[in-house]
Amino acid sequence: MRIGSPFFIAARSLLGRPRRGGRGSVARPGPSGGMAGAILGIGISLIPLVLVLIVSDGMIEGITSRYMETKTYHVQVAAPDFISSLDARRGIEALRKTKGVTAAWLEKDGSGVAVSSKASNAIAMRSIEPSFFEDPGTARYLRLVDGRMIPEGRREIVLGTALAQALKVKTGDMITVITPSYVALGEGSGSGGSSPSGAASAGSAYAGSDLTAFSPKLSFFRIVGTVSAGYRDLDGLWAFISPVAGESLLTYPSASSFFGIKTAEPFSNGLGDIKEAVSASLSPHYPDWFEPYLVRTWPEIERSLYRSFGTTKSMLLFIMGIALLVAAINLGSSLSTFVVERSMDIAILRSAGATDATIRSIFAGAGLITGGLGTLLGVSAGIFLAWNVNGLIAGLEWLINIADAGFAFLRGQPSVPLKLLDPGYYLERIPVVVNFGQVALVAGLSIALSAAASLVPAHKASRISVQELIRKS
Amino acid sequence: MSDDMQGAAIRCAGLVKNFESQAETLRVLQGIDLELPPASSCSIMGASGSGKSTLLSIIGALERFDAGEVTVGGYKLHELPEKGLPAFRSGVVGFVFQFHYLLKDFTALENVALPAYMAGAPRAEAWARAETLLAKVGMAGRKDHYPSELSGGERQRAAIARALVNNPRVILADEPTGNLDAANAAAIRELIFGLPSLTGAAVILATHDRGMAESAGYQFQLAEGRLCPL
Amino acid sequence: MSLSAMILASAGIAAGVTALIVVLGVMGGLQQGYIDSILEISSFHLRVTLERDCPPETLQAIRSLPGISSALQFREAHLLATGPSGSTLTLNVRAMPMNSERDDPSLVKALGLSLEAPLPRHDALILGKEATAYLGVDPGAEVELLGMSQSAEEGVVPIKARMRTGASFSSGYYEFDSGLGFVPLEDGSPLAGAFSSASPTIGIKLKNRFDDYHATAAIAKLLPEGAVILSWRDYNRSFFGALRTEKAMMMLLISLIFIVVGINIFHAMRRVIASKMADIAVLKACGATDRDIRLIFIAEGLAVGLAGAAAGSALGLILCANINAILEILAGGLRAAAGALAALGIGSGSGDYRLFSPSYFYIDKIPVSISMSERLFIAATAIASTVLAAFSAASKVSEAKPSEVFRNE
């Protein structure tokens, strides 16, 4: 099929003469108004699409990476809550030797209530070996804000900044933590709880015949540092204690224990293999409780988080796609006008032997070139804006706050400075993740829509007959 | 579909063309008979509106006709389906109009090459052919200029070169010098009437200029829908 | 512009207006639900933190101020609740005086409870339905509550109490339904110690919450030194800020549609003007001014904008009213598209493609809420873009020279 000549004619008619030295040519080089507008239209409509694509991918990756490196790990193996650091050691050794595993720790989690002299709040305590904090993945996202990051002994605790704020405390202050401790049936009243810790577990112990009997255990901690993972949904209630404190405090009923494992390539498809390797490594060491179903990968653990992100992203893309649709229809209408403008040229070409198919190809080609140029423009602009999105947001914030201050001043009210990326709800800094495959898909869609929009005008062009020419002369 | 090239390049028999309008039916051509051998030239004179343009259009398959037979370069236009028209137009006939009708976005060279390029010739070959033809019409030095940069005479020469690029058997010229001054007109006249010996094509020229008409081998007058030899 | 061009442009504008109305309406609806719940249940319109209990006369004085619709005094503390199966939950428990349902009926309503039922209930703990489900308790069953009290004399003392659960409430907001509880504020209650060190708080609701600034000033006069008054704006500053930002961003991005259509209108009009230069020159020769002629084109732009905004608003409101059905269809479309892509080898094609599927979003039907001022703003933006485009294009009118009319003939 001959496409050389239609494209040559289309490109030249659309874009005008190539520039040469020597001004004075009457015709303007470059696309005529309507088609230039169509190029611009497609370009502009692609900007929000590409921006949303890149920024949402960035936020999703930023959030999931944070979760993976600081909380959920890449793979988890649930363990019974009575497991001790000592018991765990042989499992951890075995895991570290497993293919694909880069590191492993035992973590104990427990919930309770923290009380300071000024406030109280829920608290989610985590006890992990110190080497966790030195892992490169963890260190990347867990930032030390104040004091020390690693608690030692039974009395030291490191709080997340959000929790410290809620409790109105800072490094060096004391807090009390209430956890439930299980009083086994029959032990009845009197002081002394079930745990061998010796921490103050006195209180109104309840004597009765009920199946579950819990006493509040009070533990006193000194805050030795505050940390932040940069995302409040993740670290809002965090507090870190040492493994030794965890063993005594974080027990049934409010605690859970598990092995946290990090791998070399968490995003690859090899996670399934690692699951099997982990099972193989651990089962000989814990024959009494280990089952393969206890091993879970991070996509399984954070499935709902991931899915809700995916839905939000799809919806946003769909909405931004409406702009592209409008721009494509716009292109079709501009092309129709272009056809009418060039009726004479069409008649001349016909008299020179152009077939219907050639004429159609010329204008379909013009539509494709327009769409292609617009796509190039829009994708480049979108990528550029997304690359600099953090700077852009900072600039926008500055502008909005100035305007807001101005309006508030006029109204006689204090102005509230607005933070666009409030750390309470978003990442403070959006990482830029360009998935070129997806961008290419968007570009392809844009070009396909342009082609579709060109079909009708191109067909109308082929209907223009040579009689135009005859009538004129 | 072209059989004998030794026979007439153009043959019309009983050609009838009517223009229908709401008020009346205009019988423009009422039974035209014409025979023209290859490599000959013929002029058709007539007042404006007499139908000479129409006759040329029909011979060039730019217009359909209502009755009669027309055979051009072996193609029987009375039997040619719509689909076959482009091939006929690009391969058999070359047009030169009163207005040059060059595409303004393309240089003289590109304008001349386009019909060949569109007909399927490789780009290099089409461009080469165009260059040769422009040289033959005396435009070698001006081939890279755009129509807006050429004089009236130069534009018409380029138009003639374009008409020749696909080696047509028949060249149809409709008032080719109508817009030119005397000097240019003379040059063009010489060029056009030199074409039969230069290319072997048959030339039909429609004009109301007597001087122009008298340079042709065969001369006709078109009046009241009928063709009369002069 | 030709009629078909005008219709096409109007359609483009309408598409933009419709998209904006539906998106802002859904965002507004989701946000409004949260805002209402927060304002009724947690932040009130003003939260006053005191060092000592507020005497009843002062409370009454506050209630009689103009613009105040209710004032409720309470204390809050965090407690651990354990159900019969051992599952543990942290609760933010609010201790209120008996008959609070009369003092603040809108709180009761926001919790989805009946106004006839007492809030709080004597000797009972009222929990949200997520909390009761997690703990595994039916109304009337008992939970154990663990807490502590702090005082200068005794230091830190652990507290434990058992309480029955009353009827559970449902606010529609997950944080409350899973983490909030109400108990009576009584001296003799086993939990009294847990609240003894908590600061007394007054939750005040206004007839118009945007009057918070002036109300704060009026109330401050009635209160002792050391009282801190926090407006709802400050209490939820980051939340409301985030909502406002999200809406603004969406508005910005979707409004680009207006720019795209505006460019189209600009070029179409330019072309028309260019082709009618002769006519325009004649008009000018007959005495018409540039402005008169420009106005014709601007009026066309206005017409396109008005038609597009009207059609788009109507369509947008219809879609909003039937949003749940629409989302079903959209989800079906997404599923089909994913299936098609999977057939081509891209992606897995499986997965839950219900948008707003209930397992991830704590709502069963999408609420829609868009204010009149938002609708007007959207319409105004749409019309402004077409008028601006026409205005820019119309500047070309001044290029037509009456003198040339004679020259060409």
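Because the model is predicted, local features need pLDDT of at least 70 and side-chain atom pairs count only at pLDDT 80 or more, whereas totals for chains, interfaces and linings use all residues. Residues are numbered from 1 along each chain as its sequence is written, while chains are lettered from A and ligands numbered from 1 in the order in which they are written.

Chain B contains seven helices and 10 strands, where helices (H or I, at least four residues) and strands (E, at least two) are DSSP runs numbered from the N terminus. Its C-alpha atoms occupy a box of roughly 50 × 40 × 40 Å along the principal axes. The radius of gyration of chain B is 17 Å, which agrees with the value near 17 Å for a compact globule of 230 residues; this radius is taken over C-alpha atoms, and the globule rule is 2.2 Å times the number of residues to the power 0.38. Of the 230 residues in chain B, 53% are buried, a residue being buried if 20 or more other C-beta atoms, placed from the backbone, lie within 10 Å of its own, exposed if 12 or fewer do, and partly exposed in between.

Within chain B, an open antiparallel sheet of four strands has the order β2-β1-β4-β5, with strands counted as paired if DSSP finds at least two bridges between them. Strands β2 (25-36) and β5 (75-76) of chain B stand at the edges with a single partner strand each, so one side of each is left without a neighbour in the sheet. Between β1 (residues 10-20) and β4 (residues 67-72) of chain B there are five bridges in the antiparallel sense, and B:I10 has B:V72 as its bridge partner in β4(B).

Chain C has 16 helices and nine strands. With a radius of gyration of 31 Å, well over the 22 Å that the globule rule gives for 409 residues, chain C is more spread out than a compact globule, and its C-alpha atoms fill a box of roughly 110 × 65 × 35 Å along the principal axes. Buried residues account for 41% of the 409 residues of chain C. Strands β5(C) and β6(C) form a hairpin with three residues between them; they run antiparallel and are joined by 10 bridges. On the other hand, β4 (residues 124-127) of chain C runs parallel to β6(C), with two bridges between them, and C:L125 stands opposite C:T165 in β6(C).

Turning to the contact between chains, 50 residues of chain C are in contact with 54 residues of chain A, contact meaning that C-beta atoms placed from the backbone lie within 7 Å. The elements of chain C that give two or more residues to this side include β5 (142-151), β6 (155-165) and α11 (256-275), and α11(C) gives the most, with 11 residues.

The largest nonpolar core has 288 residues, of which A:V50, B:A161, B:V170 and C:I257 touch the most other members; such a core is a set of buried Ala, Val, Leu, Ile, Met, Phe, Trp, Tyr and Cys residues joined through C-beta atoms within 7 Å. Helix α2 (residues 33-72) of chain A supplies the largest share of this core, 19 residues. Leaving aside residues up to four places away in sequence, B:V170 touches residues including B:I10 and B:V72.

Conventions
Contact = placed C-beta atoms within 7 Å.
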